[in-house]
Amino acid sequence: MRISVFGMGYVGAVCSACFAKDGHQIIGVDPQQVKVDLINQGKSPIIEEGLEELISAGVSSGNLKAVQNVDEAIEGSDISIICVGTPSRINGSLNLDYIKLVCEEIGAAIKNKQGRHTIVMRSTVLPGTAQELAIPALEQSSGKKMGEGFGYVSNPEFLRESTAIFDFYHPPKTVIGETDTESGEIIASLYSNLEAPLIRTDVAIAEMVKYADNAWHAVKVSFGNEIGNIAKKLDIDGQKVMDIFCKDQKLNLSAYYLRPGFAFGGSCLPKDVRAITYKARDLDIHTPLLSSLIPSNNEQIDQAFSLLKQTQKKKIAMLGISFKANTDDLRESPLVELVEKMIGKGYDIKIYDKCVSIAKLVGANKEYIMQHIPHVSDLLDENLEHVINHADVIVIGNNAEEFQNIGSVIKDGTHIIDLVRIKNLEDKPLYQGICW
Ligand SMILES: NC(=O)c1ccc[n+]([C@@H]2O[C@H](COP(=O)([O-])OP(=O)(O)OC[C@H]3O[C@@H](n4cnc5c(N)ncnc54)[C@H](O)[C@@H]3O)[C@@H](O)[C@H]2O)c1
């Protein structure tokens with residue numbers, strides 16, 4: 001394919017050299033004369049293992065050249081990949097000046113070009129950038145409509161410097177956020193030689209995925225460091241601890257616990273997070289990440305309550321009160337906290353939970369609920385339909401089987417606040433997921 005790559009930095013130079021190696025016709029574009037000259041001399045503008053060899057081979061084969069002239073690059077290509085920088089401003093906001101400028105330049109250059117041109121955003125840009133900035137800039141400067149005169153794809157880059165060429169050929173995944181199928185097909189075919197999972201989705205999801213990835217990577221590093229710092233102070237080898245931690249691919253390094261939803265709870269997580277952060281304080285170790293977990297969890301309870309308040313209704317059906325389905329353990333259930341908040345504000349609540357019968361609760365579990373909601377027996381009702389019919393707002397708190405098909409029982413005009421994502425309800429007019 002004929003491809004122009006805008007920005008000959010770490011991402012652009014590596015992509016250009018690798019695509020050229022794969023047999024594509026690449027024109028690199030950069031306003032910096034020195035980078036353009038280096039590439040045309042077969043040299044690398046950055047230090048990256050193996051890159052100079054690839055650039056040199058690309059230039060010798062005639063598959064790779066660099067220019068400063070945007071019109072020349074657009075005329076000689078059918079796809080433009082944007083790899084310009086998106087640095088931080090002093091206040092932490094993302095500087096999209098280079099993105100705006102490059103979109104305006106590409107737009108102006110495709111104005112008089114015949115045929116379809118596909119523009120690919122490889123730079124890391126915040127969700128909403130395509131809709132709010134890149135596509136409007138392209139449309140305005142080209143005088144063409146997206147989907148007619150040009151296609152737009154978000155295709156975030158996952159390579160790491162120092163292993164960039166290996167990463168290009170072995171990415172963890174290829175994500176294509178497309179505005180139309182044809183553009184998605186064209187860009188998907190570019191990566192057909194890679195073994196990585198290819199995910200086609202919409203543009204905003206692709207933009208957001210990159211931030212979820214990088215935020216997660218940062219969480220992992222800081223988490224490992226905080227555990228290591230506590231361990232060292234206790235004369236324990238933190239590396240050995242994390243080696244064992246990483247062997248658990250069921251709960252630790254897995255998709256488990258990673259779906260957006262309601263707060264954590266139960267008899268272990270809150271207690272143990274409190275204990276380890278207290279211990280860290282005792283050892284004079286700062287653990288800002290671990291210490292943020294309980295406040296972050298409380299935010300999620302507040303978030304559910306705020307959705308409830310926005311309905312301006314007072315009659316509530318709480319479906320589920322134990323912290324997950326198929327248990328009667330109420331200790332530190334965030335749903336109990338949510339109910340307490342509602343009681344405090346005078347809500348009229350009925351609760352259904354198949355597993356919870358106060359008569360059968362014993363020990364610490366009974367003590368906990370009696371301390372928090374002493375009149376809980378008055379709120380519990382064993383008849384799911386009664387509870388649903390009582391309500392103007394249904395809050396679905398856990399994933400119990402009997403909640404999966406309640407759609408037909410819910411009367412029109414009832415709000416649904418789903419904390420767990422029950423299928424079959426999302427089409428209801430007054431449905432809201434807590435974070436979807
Ligand atoms: N570096 C990485 O490891 C990495 C990995 C994944 C994603 N990213 C993202 O990729 C993007 C590029 O990162 P980078 O590290 O390659 O940046 P970089 O600063 O190394 O390179 C950016 C290049 O863009 C050029 N440029 C600026 N305006 C231009 C224009 N109008 N036309 C053509 N070229 C222009 C600059 O001269 C520079 O050479 C960023 O959004 C970054 O967050 C970087």
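Two strands pair if DSSP finds at least two bridges between them. Helices (H or I, at least four residues) and strands (E, at least two) are DSSP runs, numbered from the N terminus. The model shown is predicted: local features need pLDDT of at least 70, side-chain atom pairs count only at pLDDT 80 or more, and totals for chains, interfaces and linings use all residues. Residue numbers start from 1 along each chain as its sequence is written.

**View 1. The open sheet of eight strands.**
The strand order in this open sheet is β3-β2-β1-β4-β5-β6-β7-β8, and the pairing is mixed. At the edges are β3 (64-67) and β8 (198-201), each of which pairs on one side only. From one strand to the next the twist averages 25°, where angles run from 0 to 180 degrees between N-to-C directions and axes are lines fitted to C-alpha atoms, for helices over the stretch in contact. Strands of a sheet pair through backbone hydrogen bonds, either parallel or antiparallel. Strands β1 (residues 2-6) and β2 (residues 25-29) run parallel and are joined by five bridges. One of the residues to look for is Val-5, whose bridge partner in β2 is Gly-28.

**View 2. The shell around the ligand.**
The ligand is surrounded by 26 residues, a residue being near a molecule if its C-beta atom, placed from the backbone, lies within 6 Å of it. The closest are Gly-7, Gly-9, Gly-85, Thr-86 and Ser-123. At least two residues of the shell come from each of α1 (10-21) and α5 (97-110). Helix α5 gives the most, with four residues. Sorted by class, the shell has 12 nonpolar, eight polar and six charged residues. In this sorting Ala, Val, Leu, Ile, Met, Phe, Trp, Tyr, Cys and Pro count as nonpolar, Asp, Glu, Lys and Arg as charged, and the others, Gly among them, as polar.

**View 3. Helix α5 against helix α6.**
Two packed helices are described by the angle between their axes and the distance between the axes. Helix α5 packs with α6 (residues 129-142) at an angle of about 35°, and their axes are 7 Å apart. Their crossing is right-handed; a crossing has this hand if the near helix is turned clockwise from the far one by less than a right angle, and is left-handed if anticlockwise. On the α5 side the residues that meet α6 include Ile-99, Cys-103, Ile-106 and Ile-110. On the α6 side Leu-133, Ala-134, Ala-137 and Leu-138 are among those that meet α5. Residues here are in contact if their C-beta atoms, placed from the backbone, lie within 7 Å. The contact of α5 with α6 has nine nonpolar, five polar and two charged residues.

**View 4**
Strand β9 (residues 315-319) is largely enclosed by the rest of the structure, because four of its five residues are buried. A residue is buried if 20 or more other C-beta atoms lie within 10 Å of its own, exposed if 12 or fewer, and partly exposed in between, with C-beta atoms placed from the backbone. Five bridges pair β9 with β10 (residues 348-352) in the parallel sense. Met-318 has Ile-351 in β10 as its bridge partner. In helix α14 (residues 334-344) the residues Pro-334, Leu-335, Val-336, Leu-338, Val-339 and Met-342 are buried. The elements that cover them include α13 (293-310), β9, β10 and α15 (363-372). After α14 comes Gly-346, with a positive phi near 80°.

**View 5. Two loops with positive phi.**
Asp-284 sits in the loop between α11 and α12. Its phi is near 65°, a positive value in a residue other than glycine. Asp-284 counts as exposed because it has 7 C-beta neighbours inside 10 Å. The loop between α11 (269-282) and α12 (288-291) also holds Leu-283. Leu-283 is partly exposed, with 13 other C-beta atoms within 10 Å. Apart from neighbours within four places in sequence, Leu-283 is in contact with Ile-230 and Lys-233. The C-alpha atoms of Leu-283 and Leu-234 are separated by 8.4 Å, and these residues are 49 apart along the chain. In the loop between β9 and α14 lies Asn-326, which has a positive phi of about 65° although it is not a glycine. Asn-326 is exposed, with 11 other C-beta atoms within 10 Å.

Note on methods: Two residues are in contact if their C-beta atoms, placed from the backbone, lie within 7 Å.
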